[in-house]
Amino acid sequence: MGKQKVTVFTAKKFRTMDPGRPVVDAIAVLDGRILSLGSIEQMQPWLSRYDVTIDETLKDKVVLPGLIEPHSHCWMSAGFMAVDYIGPLPWPGLKGMNPPHPHFDDVIEYLGELDKSKKEGEPIIAWGFDPANQGGALDRDTLDKITSTRPLFVIGFAPHFAYLNSAAIEMGNIPEDANPVHVLRYPDGRLNGVFTETEGVSIGIAPIFPVIAELGGVSGLKFMAGIGQRAGITTIADLMFGILNFDAELHDHLEATEDPDLPIRFCLKPHAPSFNAAHGDGAPDFVSDLSKHDKDNLFIRGVKFLSDGSFPLMGSLVKFPGYLDGGNGFPNDATYEGMLPFWKAGHQIHCHANGDQAVDITLDLLARLQAEHPRFDHRFTVEHYAMSNTMQARRLKALGGLASVNNYFSHFRALLHSENAYGPDRAQTEARLATLEREGVIFALHSDYPQVVVPMHPLTAVYAAVNRLAEDEKTVVAADEKIGVERALRAVTIDAAYILNLENEIGSLEQGKFADFCVLEEDPMEVEPERIKDIPIWGTVLGGKIFEAAE
Amino acid sequence: MTEQTHATSLCADEMPVDPLTRALDARQTIAGMIFAAMAAPRKLAAPAKSLPLTVIGGFLGAGKTTLLNHILSDPQGRKLVVLVNDFGKINIDAALIEDQTDDAINLTNGCACCAVSADLSKALAEVSQRTERPDGIVLETSGVADPAAIAQIALANQSIRLDGILTVVDAETALACAEDPATRSLFHTQLRSADLVLLSKTDLLDQPQLAEVREWLKSLHSRNSIVEAVKGRVPTDVVLGIHAPDHETMPEHDAPDHVPEGHGFESFSLEHDGLLDEKKARAFLGALPDTILRAKGFLHLADKPVGSAVFQRVGIRWSLHHDNKHKAPDTISRLVFIGPKGSLDRRALKDGFEACFT
């Protein structure tokens, strides 16, 4: 029998995130896992036993463990990739901020560009036309001038209107006798491609739903994996698994992870209330049983609950004195009765809590669970932990909990929410990372991409954590909540792995773990902290396989 | 009508809304539609547009739950699935309950009531996949939702057709809601969405106050038809449409009024043997008086001899769809109307209908 093959990667520097051996020159990989670390000389007792290839592709790069996105929503959001944006305001999209299209002429020009860039026959679904702001009017003949052969669907910014070209009209099965108030016609009786109000819009855009479902699904997951890979990510967790369409979600993840070119490992966290609804008392066992699908690039473990609404959609539950306008957010699906069976069955629980009142609700739930059935190393994680007070961190520590923090908001929305909803105190102390550090709570950083208006880009989270610069990139918010670069890097590598219960597989470069790397052009520990988010990302390595970032 | 004039007529009702709220609302609706597409079963069990959906909107406390309790207790032969926002407040006579879980009640009358949480699309997907197809779906929205946006999301499920949107308005607090800066824009949004406005708690006002509210509501949105109710007591045929799946179940011409007495409504049915001229029929149906709240008909059109045409009306919105597969037992065309008591001009309706025949 021939010797097994080992690849030794060299780099300018491997930052291992192993505090006992923080920097090495080379890493040997056997079967996708790390065989040895150090210098090539030190590794000889291993290398002499294998058929060794030295790979110098990364020799000028700085390598970190593959970055981890511990809270996102790839599957449910992949359908967004079917939709292009043509609205008047800058708008968050899958590839970052979409530029605004201030005038009608810009809309027409952009639709023309889309027509040139799309594959043959692929429909254009564009959302955001706002004649009150952009001017102009769309109808079938106008859209046919852009293309009459490729189906073109335009949906109004507030979707009370839809506008279709001839090819799109043909895709639909528009009833001849549709009410002329909702399905408009030219004076000669021809459909003019304008569909109004709920009834008309639903007739007009009926053909797009299968397209959205098709472009989501497996190809959507691969698309999202590509976005992560270009940000240096090698593992993405989905914190809402099973909420929309369990069978389709499971099927699509199983199929996508069969592709050897998929650059991402997926970790799925079942949304517990959905499973409680579907399986009643049997839900904890059903979820446990899902781990039978686990493989090297797919892990199903832990469950998710929610205790309030969205931060950017202004649904967070806060304590005294409420929102600036006297309002407040709303409670969500987290209940003691819902959690207890999962807790007793030994599952890890993640609970979404944005506002400080929601954090209290969540901590009270954890305290009740602990009183009823004490557990060690349970890794109950407060997800988002956006607005908190200092003593909540102490209580979280006392109860043995962890935090997965969306700290992107301190950079992207601190000033916006100083004046909208939350007010300056809460908006500017968003993500109290230094408090968590002082109290000894283990935490991760996440984006929640793309459900909230921030990119999935862990180096931006690190940048936000160490600088606390608001969206104007000048104002420093709650400077004493800054943390150091190393701690912030841990929060997107080993500590994120710990929160996903995957610290034995990923998160640091140590013997026996997957050879997952984030490959950078510069060292985040050495560049000026304000530049961390701009460090060029060369690509990633997943289980020893190189994925150079495509343009 | 051109697109521009139509847009203007909508915008005239538009209340100023701050751009951030407007953007967030728009995003939520479009996201809801996308999620609905993702949540839809990849194989639909129910035929396209086969499940009528009635959306019930209105502020918290307006009387939505009272109305739902009434409908569930007296569905008049319909097997309904009612999706409610505030499950805790559903209050059904224990004798009617067949079985009950934390978030669903099955009734002995064949109806079911389920709590709908954040994932509306999934709840609708489940209803549309049931082996025993319901006669209708009733969806209660949250007090802060725009019912039209919710309906738009629901319609991403291809087996659902929108029957109508009913917004419940509390007669006692309506004026205050429309003035208060915190609720103003939502109030008008909910009203603008409605095919029917149900003015509730009218017993809490004296006659002059009630008359004032009535006039004011009419002046706000000419598109709305207004129904008044005390303790949710409205005939189910008004809320959910006339329950007649085919010719044979249409109320008999000489039968007593189809809607029960005592609610302040009347119904009137017509039948005539022969074939209608479609153009004349559309002109007649499109010009029916605004006082007609609900109407339904099965018509035989002269130039479409196979099948028959189904006419439906809610408020002033109506449709006439011809269905080749719709089997008719005879050549009689039938129509039934519901309106407030004393509002139906039977003579004019009869003459108008008969003039449509070739």
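**Reading loops, contacts and a helix pair**

Author: Let us begin with A:Asn501, which sits in the loop between α22 (494-499) and β23 (517-520) of chain A, where helices (H or I, at least four residues) and strands (E, at least two) are DSSP runs numbered from the N terminus. This is a predicted model, in which local features need pLDDT of at least 70 and side-chain atom pairs count only at pLDDT 80 or more, whereas totals for chains, interfaces and linings use all residues. Residues are numbered from 1 along each chain as its sequence is written, chains are lettered from A and ligands numbered from 1 in the order in which they are written, and side-chain values use heavy atoms, with hydrogens and water left out.

Reader: What phi does A:Asn501 have, and is A:Asn501 buried or exposed, or partly exposed?

Author: Most residues other than glycine have a negative phi. A:Asn501 is not a glycine, yet its phi is positive, at about 60°. A:Asn501 counts as partly exposed because its relative accessibility is 30%; buried means under 20% relative accessible area, exposed over 50%, and partly exposed in between (1.4 Å probe, protein chains only).

Reader: Which value does phi take at A:Tyr385, and where is the place of A:Tyr385?

Author: A:Tyr385, also a residue other than glycine, has a positive phi near 45°, and it belongs to the loop between β20 and α15 of chain A. With a relative accessible area of 1%, A:Tyr385 is buried. A:Ser388 is found in the loop between β20 (381-384) and α15 (390-398) of chain A, and at 7% relative accessibility A:Ser388 counts as buried. Leaving out residues up to four places away in sequence, A:Ser388 touches A:Asp356 and A:Arg432, contact being heavy atoms within 4.5 Å.

Reader: Which peptide bond is cis, with omega near 0°?

Author: Most peptide bonds are trans. The bond from A:Phe320 to A:Pro321 is cis, with omega near 0°, and A:Pro321 lies in the loop between β18 (303-306) and α13 (336-344) of chain A.

Reader: At what angle do helix α9 and helix α10 of chain A pack?

Author: Helix α9 (residues 217-230) and helix α10 (residues 246-256) of chain A pack at about 60°, with their axes 9 Å apart. That angle makes α9(A) oblique to α10(A), since under 35 degrees counts as roughly parallel, over 145 as roughly antiparallel, 65 to 115 as roughly perpendicular and the rest as oblique. In this pair, A:Gly217, A:Val218, A:Leu221 and A:Lys222 of α9(A) meet A:Asp252, A:His253, A:Glu255 and A:Ala256 of α10(A).

Reader: What are the contacts of B:Phe59, and where is its place in chain B?

Author: B:Phe59 lies in the loop between β1 (51-57) and α3 (64-73) of chain B, and B:Phe59 is buried, with a relative accessible area of 15%. Leaving aside neighbours within four places in sequence, its contacts include B:Lys64, B:Val168, B:Cys177 and B:Phe187. B:Phe59 and B:Thr189 are 130 residues apart in sequence and 11 Å apart in space, C-alpha to C-alpha.

Reader: How many disulfides are there over all chains?

Author: A disulfide is a pair of cysteine sulfur atoms within 2.5 Å, and by this rule the count over all chains is zero. B:Cys114 is in no disulfide, the nearest cysteine sulfur, that of B:Cys113, being 6.5 Å away. B:Cys114 is buried at a relative accessible area of 14%, and B:Cys177 is buried at 15%.

How values were computed
Axes fitted to C-alpha atoms, helices over the stretch in contact; angles between N-to-C directions.
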